[in-house]
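This report describes one protein model, going from its surface to its sheet and then to its charged pairs.

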Amino acid sequence: MMAGDELDDGDALEGRAPVWAVFGDLMTGLVGAFVLLLIGVLVMQMDLVASLESEIGKRREEQSRRVALEKALAVPLASGRVTLNEGRIGISGSVLFALNSDELRPDGRELLRSLVPPLRVYLAERDEMLMVSGFTDDRPIQQGNRRFADNLELSAQRALTVTRALIEEGLPPAQVFSAAFGPEQPVASNDAEEGRALNRRVEIAPVPKARADQEGGSRE
């Protein structure tokens, strides 16, 4: 009886052994899966932190550029004839040109002349270019004006006129190009003359050279 009992107990132990082995394998698999999940979460967090730091760096750099540009243009800005918004220098079209004309006014020429020295210093410290953009209101070109087919052509010629004037006043030709937008991208409503006057404008914006190569528009 004793020998039989011992045999039965041995058989029972042998039968239970595979269960523990399976349980051990299961726990090992679960631990492995948890470790992989934890690693994945950590990698995602590291990517998010890197992306956030990159974005913060870009914003700080952009803010630094704006402050530097504002300091460089302190005198022209104080005159009230130019504005600076989001790094774009804005000049009213009426300051530079008569209505439906691309001929530069004497006062407009003098204003552009005053912008060249600070812009040259600013560009010399950075690997950037100037994009000169022309904009108009949405009113059709006056009848009898055969010089321009439409507002897009008028804005292009005005941008070219300003670009050439900047070069004539000493800005290196390789650092400036022009673009035309016509009535697109208005800054005010075209329903009233006050808004249309704001939309008739020229903007001068420093842009990185890599971005400048991708911009559309006419090049001088």
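## A nonpolar surface patch

V31, F34, V35, L36, L38, I39, L42 and V43 make up a nonpolar patch on the surface, with about 730 Å² of accessible area together. Patches take residues with over 30% relative accessible area and no salt bridge, nonpolar side chains (Val, Leu, Ile, Met, Phe, Trp, Tyr) being joined within 5 Å and like charges within 9 Å. Areas come from the Shrake-Rupley method with a 1.4 Å probe, and for residues only the protein chains shown count as cover. V35 sits in helix α1 (residues 2-72) and is partly exposed at a relative accessible area of 40%; buried means under 20%, exposed over 50%, and partly exposed in between (1.4 Å probe, protein chains only).

This is a predicted model, in which local features need pLDDT of at least 70 and side-chain atom pairs count only at pLDDT 80 or more, while totals for chains, interfaces and linings use all residues. Residues are numbered from 1 along each chain as its sequence is written, and side-chain values use heavy atoms, leaving out hydrogens and water.

## The sheet and its helices

Five strands form an open sheet with mixed pairing, in the order β1-β2-β5-β3-β4. β1 (82-85) and β4 (176-182) are at the edges with a single partner strand each, so one side of each has no neighbour in the sheet. From one strand to the next the twist averages 25 degrees. Strands are DSSP runs of E with at least two residues, helices are runs of H or I with at least four, and both are numbered from the N terminus; two strands pair if DSSP finds at least two bridges between them.

Helix α4 (residues 106-124) packs on the sheet and touches β1, β2, β3 (128-135) and β5 (201-208), contact meaning heavy atoms within 4.5 Å. Its direction makes about 150 degrees with that of β3. Angles run from 0 to 180 degrees between N-to-C directions, with axes fitted to C-alpha atoms, for helices over the stretch in contact.

## Salt bridges

The whole structure has 13 salt bridges, each a side-chain nitrogen of Lys or Arg within 4 Å of a carboxyl oxygen of Asp or Glu. One of them joins E203 and R88 (3.3 Å, N to O). This pair links strand β5 to strand β2, 115 residues apart. E203 is buried, at 11% relative accessible area, whereas R88 is partly exposed at 33%.

E193 and R196 also form a salt bridge, and both lie in helix α6 (residues 193-199).
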